[in-house]
Amino acid sequence: MANVNQCTFIGRLTRDPELKYLANQTAVVNSGFATNNKWRGANGEEREDVMFLDFQIFGKAAEAINQYSRKGDQLFLQGRLKLDQWEDRQGGGKRSKHVLIVEKFQFLGSAGGGNGGGNARPQREEQGASDRQDQDEFQDEDIPF
């Protein structure tokens, strides 16, 4: 049996994308997003969990996210989780966090509620780290809610 590391999220950017280039001139964007889950507790009160996660995206998709997205914009992100580990500089021991390595994404809306603001946004799905050409396009009817 094969193992699977595949995650799908819809959330909002928590900060503007940070574009950098690797030594081989591959574009990489680092940013963060938040997603939430709402439910009713046993006593009927509305509850909400918010999850914050950093993400990385590479290549032309990174350049598109950098050009067309800002803090607060909504995105569909699909990819795999990677565990980053490091030693704390102030002697606090080992630290770690999960990062989503984005393989596919789609622009969903801007922070102002429109879809594009001052910049025209691509209306197609962008490929990320794998740039696979054989995958089906993500459709609005694929969203389960």
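**Calls and cut-offs in a predicted model**

Modeller: The protein has one helix and seven strands, where helices (H or I, at least four residues) and strands (E, at least two) are DSSP runs numbered from the N terminus. This is a predicted model, in which local features need pLDDT of at least 70, side-chain atom pairs count only at pLDDT 80 or more, and totals for chains, interfaces and linings use all residues. Residues are numbered from 1 along each chain as its sequence is written, and side-chain values use heavy atoms, with hydrogens and water left out.

Biologist: In what order do the elements run from the N terminus on?

Modeller: The order is β-β-β-β-α-β-β-β.

Biologist: What makes D54 and R15 a salt bridge?

Modeller: A salt bridge is a side-chain nitrogen of Lys or Arg within 4 Å of a carboxyl oxygen of Asp or Glu. For D54 and R15 the N to O distance is 3.3 Å, so the pair meets the definition. D54 lies in strand 4 (residues 46-58) and R15 in the loop between strand 1 (7-13) and strand 2 (18-21), so the pair links distant parts of the chain, 39 residues apart.

Biologist: Why is R15 called partly exposed?

Modeller: Buried means under 20% relative accessible area, exposed over 50%, and partly exposed in between (1.4 Å probe, protein chains only). R15 has 30% relative accessibility, so R15 counts as partly exposed.

Biologist: Why are E46 and R40 called exposed?

Modeller: E46 has a relative accessible area of 55% and R40 has 56%, so each is on the exposed side of the cut-off. Their side chains meet in a salt bridge at 3.5 Å, N to O.

Biologist: What are K82 and D84, buried or exposed or partly exposed?

Modeller: K82, with a relative accessible area of 30%, is partly exposed, and D84, at 22%, is also partly exposed. The side chains of K82 and D84 form a salt bridge at 3.3 Å, N to O. Elsewhere, salt bridges that share partners join R15, E18, D54 and K97 into one network.

Biologist: How many salt bridges does the structure hold?

Modeller: It holds six salt bridges.

Biologist: How do you know that the buried residues of helix 1 line one face?

Modeller: In helix 1 (residues 60-68), A61, A62, A64 and I65 are buried. Seen down the axis, the buried residues fall within an arc of 160° (taken from the directions from the helix axis to the C-beta atoms), so they line one face of the helix.

Biologist: What share of the 145 residues in the protein is buried?

Modeller: Buried residues make up 36%.
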